[in-house]
Amino acid sequence: MNFVIDAGHGQNTAGKRCLKSLDLNETREWYLNQRIATEVVRLLEANGQQVKRADDATGATDVPLQTRCDIANDWDADAFISIHHDSGVNGGSGGGATVFTYTSVSTTTKKLSQNVYNSYIAAGGIKGNRSEPIKTANFQVLRDTSMPAILIECGFMDSSVDVPIILSDEFPLKAA
C-alpha cells in the first residue's frame, strides 16, 4: 500500500506550541508531530509499505495545504494521515485524542479512523475526556484528498495531563 504521512504545520508556524506554564521550552507542535510521523514512516516501511511525506521533514518550510493534498493525489496514495496536537483546555486537566474525517466519507475511511483511534489508545496513547473521539471536519487535507484521509490530534499541548506524556521520550513510538 501507499501511505502519505503529514506532520502538520511547519516548525515556525505562529502559535502552535505547548503552554509555557506546562513546558518552559514551549515545544512547538511541528516538533511533536514530526517525532510521531518519523516513527510512523519507519514502522510502515519496516512492514513493506510505500511511504511519502507531504510535509517538509526538516520543518523549515510550512508546505501549503493544497500542495500536501496534491502530493497524495498525484502519487495515488491509498491513505493520507495527518498528525497533529491540539489545544483548547488552557492548562486544565482535560485532553485526549481525536481523529477527524471529512464530513462525507466512505466506509473505508470510517474504518480507518476507528482503527487508528482504537490502536492509538490501546498502544498507550492519550485517552482523555473528549466526548467525541472521532469527529468530522471540513479541513482541506481531508476534503481535497482523493483517498481515505484522517487527521489525528495526539493530545493537548495545553493540558496539564497530556503535556508531560507528549513530551516524554517514549511517546512517539507508542503514538505511532
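Predicted model: local features only at pLDDT ≥ 70, side-chain atom pairs only at ≥ 80, totals over all residues.
Buried, as used here, means under 20% relative accessible area, whereas exposed means over 50% and partly exposed lies in between, with a 1.4 Å probe and protein chains only. Residues are numbered from 1 along each chain as its sequence is written, and side-chain values use heavy atoms, with hydrogens and water left out.

**The sheet**

- Six strands form an open sheet in the order β2-β1-β3-β6-β4-β5, with mixed pairing; strands (E, at least two residues) and helices (H or I, at least four) are DSSP runs numbered from the N terminus, and two strands pair if DSSP finds at least two bridges between them.
- The edge strands, each of which pairs on one side only, are β2 (50-53) and β5 (134-136).
- From one strand to the next the twist averages 25°, where axes are lines fitted to C-alpha atoms, for helices over the stretch in contact, and angles run from 0 to 180 degrees between N-to-C directions.
- β1 and β3 run parallel and are joined by five bridges; F3 has A79 as its bridge partner in β3, and D6 has S82 as its partner in that strand.
- Helix α1 packs on the sheet and touches β1, β2, β3 and β6, with a direction that makes about 145° with that of β3, whereas α2 touches β1, β2 and β3 as it packs on the sheet, its direction making about 175° with that of β1.
- β3 also pairs with β6 in the parallel sense, over six bridges, and within this pairing the partner of H84 in β6 is E153.

**D6 and its surroundings**

- D6 is placed in strand β1 and counts as buried because its relative accessibility is 1%.
- The D6 side chain makes a polar contact of 2.2 Å with the side chain of R68, and a further polar contact, of 2.7 Å, joins the side chains of D6 and S82; a polar contact is a pair of N or O atoms within 3.5 Å, and within protein one must be able to donate a hydrogen and the other to accept it, while residues adjacent in sequence count only if both atoms are side-chain atoms.
- With neighbours within four places in sequence left aside, D6 is in contact (heavy atoms within 4.5 Å) with A54, D55, R68, F80, I81, S82, I83 and V141.

**Loop residues**

- Most residues other than glycine have a negative phi.
- E26, in the loop between β1 (2-7) and α1 (29-46), has a positive phi near 45° although E26 is not a glycine, and E26 counts as partly exposed because its relative accessibility is 26%.
- D76, found in the loop between α2 (65-75) and β3 (79-86), likewise has a positive phi, of about 60°, without being a glycine, and D76 counts as exposed because its relative accessibility is 58%.
- S159 lies in the loop between β6 (149-156) and α5 (162-166) and counts as buried because its relative accessibility is 0%.
- Apart from neighbours within four places in sequence, the residues in contact with S159 are L22, V89, G92, S93, G94, G95 and P164.
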